[in-house]
Amino acid sequence: MNKKNITYVLLLIFVMAIASGCSTGANAGEQIVWRFGHEEVRGSIQDAYALEFKRLVEERSNGEIYVEVYRADEIGGVMDYLEFQQKGLLAFSILNPGTTATTIPENNVFYNHFLLPEKDADLQELFATSEAIPMLNKLNEENDLKVLDWFYEGFNAWTADKPIRSPQDFRGVSIRTMASPLIVSSYAAYNANPTPMPYSEVYTGLQLKQIDAQVNPVFAIQEMNFYEVQDYLIQARQDGFVASLVTSPDFWEGLDAETKAMVLDIVPELNDFVFKFQDQLNKERLDIIRSSGNIEIIELTEEERAVFREAAMPVREVFLRSVGEEGAEILRILDEDAQRIIEKNKDN
Ligand code: 6CS
């Protein structure tokens, strides 16, 4: 969005917010409206999460609160949503580190390749128990984002117009990534030419051959039709797509104790819901992609993955250079906890 449009939308939301009580309270009998933004399209994982949040909040507030969901590009791009959320113009949002780490680099910790557990249950346990999470949330709060939940949308797969089995194969490949500098550095370390561009422009970029490849979870590759304009889908399981439910500290502080308790009760239910939902959706959508016969699916061997792992390790230094001592500690604790959980649950 250009600056003029952003100002217009901000103004419009601000006026609507005041007019309808997009905040903590309303006069007796008035319905409270909570505006909820997310980064994806209808039918996506973030949309399912937002709709489940809406259902539970409306039900448990006995209809006193109405949740209005805004999807990707409905009132701005993902960077606008980050700005709206930090300014308190949205009550809640789902934002991923590819977006938020542009202003809070520590959030990139999750996008260090070959760091997080590959089993969903291990990852869910890591988010629920690691001391690194409250440390990270504190840094977010200092940047006007109160994180209520971290969740997962599936591993990130590559699609490309050629098979990719080693970092050598990435030479000369323009791969679209999200804007976060760590993601860009990760693909540069694999010899690719990382090319950030908005999510909504990726399909056309691939179709017009402005870019040769992109990276996203399987469900997104299906719903954004990337598989129709690419020849190979490559599963290296180098990292996963993480997202957060966030609100604004000021908005949160303005809620009464009962409403806060209602939301805090809902969050773990949503976390369980979305971990199951993403697993099912990613499987279903991989089947759709496979049965289209449109694209060859490549699963890298452990030996092939080991070469990528080695190429990815120096990028941890890039992460460390982008954060302070707290960020370094967050990475250290998360890594240690991930290894401990993987080891503890290896026979499950
Ligand atoms: O690649 C992206 O930019 C986006 N991918 C997903 C799956 N969700 C939102 C994000 O903006």
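**Helix packing and ligand contacts**

In this predicted model, α2 passes α11 in a right-handed crossing. Local features need pLDDT of at least 70, side-chain atom pairs count only at pLDDT 80 or more, and totals for chains, interfaces and linings use all residues. Residues are numbered from 1 along each chain as its sequence is written, and side-chain values use heavy atoms, with hydrogens and water left out.

User: At what angle do helix α2 and helix α11 pack?
Analyst: Helices are DSSP runs (H or I, at least four residues), numbered from the N terminus. Axes are lines fitted to C-alpha atoms over the stretch in contact, and angles run from 0 to 180 degrees between N-to-C directions. For α2 (residues 45–60) and α11 (residues 257–292), the axes are 9 Å apart and the angle is about 145°.

User: Which side chain has an N or O atom 2.6 Å from a nitrogen atom of the ligand?
Analyst: A polar contact is a pair of N or O atoms within 3.5 Å. Arginine 176 has a side-chain N or O atom 2.7 Å from an oxygen atom of the ligand, and a polar side-chain atom of asparagine 216 lies 2.9 Å from a ligand nitrogen atom. The side chain at 2.6 Å from a ligand nitrogen atom is that of glutamate 40.

Technical notes. Helix = DSSP H or I, 4+ residues; strand = E, 2+ residues; numbered from the N terminus. Left-handed = near helix turned anticlockwise from the far one by under 90°. Polar contact = N/O pair within 3.5 Å; in protein donor to acceptor, adjacent residues only side chain to side chain.
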